[in-house]
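Open the model in your viewer and keep the selection panel at hand. The stops below are meant to be taken in order.

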Amino acid sequence: MLIVYDTLTGNVGRFINKLDYPSIRIQDGLMVGEPYILVTYTTGLGLVPDSTKKFLESNGSNLRGVATSGNRNFGKYYGLAADAIADEYGVPIIHKFEFAGLPSDRERFKKGVEEREAHRIK
């Protein structure tokens, strides 16, 4: 499945680059005409980045799951961008990981993607 991602500091990009999935970074005007998993970051106190919001306005119908990067030092605000997107678009949260993630985070993410792919086939 295609992975679409948004990154600010490079953490999400580093996470994505260690996976074996086709991926594309969000940029102005990007249109995705197939199912995808979104990986983004959490900004401020649990907010969805504006660039991610803008992308989803035109591409939300093909969204099949969301994952997010965050910083556990923000406590209850950690990874809340995923919660907001999941609620708004009715998709599952695949995973939340800190910074660029660990090998265990990548494995958990892969399992979540596999579950979404299996669900898509049914």
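The tour starts with a pair of strands and then turns to aromatic rings.

This is a predicted model, in which local features need pLDDT of at least 70, side-chain atom pairs count only at pLDDT 80 or more, and totals for chains, interfaces and linings use all residues. Residues are numbered from 1 along each chain as its sequence is written, and side-chain values use heavy atoms, without hydrogens and water.

Select residues 63-70 and 93-98. These are strand 4 and strand 5, which run parallel and are joined by five bridges (strands pair if DSSP finds at least two bridges between them; strands are DSSP runs of E, at least two residues, and helices runs of H or I, at least four, both numbered from the N terminus). Gly 70 stands opposite Glu 98 in strand 5.

Next, the aromatic rings. Rings of Phe, Tyr and Trp (its six-membered ring) pair if their centres lie within 6.5 Å; planes under 30 degrees apart are stacked, over 60 edge-to-face, the rest tilted. The count is four aromatic pairs.

Select Tyr 21 and Phe 109: this pair is edge-to-face, at 6.4 Å and 85°. Tyr 21 lies in the loop between helix 1 and strand 2, and Phe 109 in helix 4, 88 residues apart. Both are buried (under 20% relative accessible area, 1.4 Å probe, protein chains only; exposed is over 50%, partly exposed in between).

Finish with Phe 15 and Phe 97, which form one aromatic cluster with Tyr 21 and Phe 109.
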